[in-house]
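Good morning, and thank you for coming. Please look at the structure now on the screen.

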Amino acid sequence: MSKHIGAQMLEFSQNGDDRGHLVVVEGMKDIPFDIARIFYIYGSANDVVRGQHANRKSQFVLINVAGSCKVKVQDGKGNEAVFVLNRPHTGIYLPAMLWKDMYDFSADSVLLCLASEHYDTTEYIRNYDEYIAIIDEEMP
Ligand code: TYD
């Protein structure tokens, strides 16, 4: 666990019975924000790296509801952590201002992303050098 970096694995309860499983994720209960936006990523080849950005405002929870991928997070201060998402009842909480890479997608990967904000391109930082400069200036 890399709490120092602010990212945290979450485990949701599985409401399983002989019919299968049902996992509930409620905003402000199971995750620490209200859910404003949902998107999901699938069909990414194994050698693809997605993300590669930081968000000024959005917090996320990522859940591989099928298959698996890895998520590397960096805080811009030299700390990084890699998380494996491979169970539909676990997720990773990502606060704002972490640099994120998603990669090593399995062929059956469906990566569900819950976000605290509506989509706004202006809150995305997509240049790593710019991200480091912002961290140095605003979060020394
Ligand atoms: P992108 O941010 O590149 O995806 P990722 O971070 O997962 O690699 O987004 C891919 C495309 O989808 C891009 O054209 C922007 C668009 N998009 C939206 O319109 N709304 C959204 O909420 C997101 C996440 C992406």
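Arg37, Phe39, Ile41, Arg50, Gly51, His53, Tyr119, Tyr124 and Arg126 surround the ligand, where a residue is near a molecule if one of its heavy atoms lies within 4 Å of it. This is a predicted model, in which local features need pLDDT of at least 70 and side-chain atom pairs count only at pLDDT 80 or more, while totals for chains, interfaces and linings use all residues. Residues are numbered from 1 along each chain as its sequence is written, and side-chain values use heavy atoms, with hydrogens and water left out.

The shell around the ligand divides into 4 nonpolar, 2 polar and 3 charged residues; here Ala, Val, Leu, Ile, Met, Phe, Trp, Tyr, Cys and Pro count as nonpolar, Asp, Glu, Lys and Arg as charged, and the others, Gly among them, as polar. Strands β2 (37-42) and β3 (50-55) each supply at least two residues of this shell; strands are DSSP runs (E, at least two residues), numbered from the N terminus.

Which distances separate ligand oxygen atoms from side-chain N or O atoms of Arg37, His53 and Arg50? For Arg37 the value is 2.5 Å, for His53 2.8 Å, and for Arg50 3.1 Å.

Finally, the loops. Met28, between β1 (8-11) and β2, has a positive phi near 65°. Asp104, in the loop between β8 (99-103) and β9 (110-115), also has a positive phi, of about 60°. Most residues other than glycine have a negative phi.

Notes: Polar contact = N/O pair within 3.5 Å; in protein donor to acceptor, adjacent residues only side chain to side chain. Helix = DSSP H or I, 4+ residues; strand = E, 2+ residues; numbered from the N terminus.
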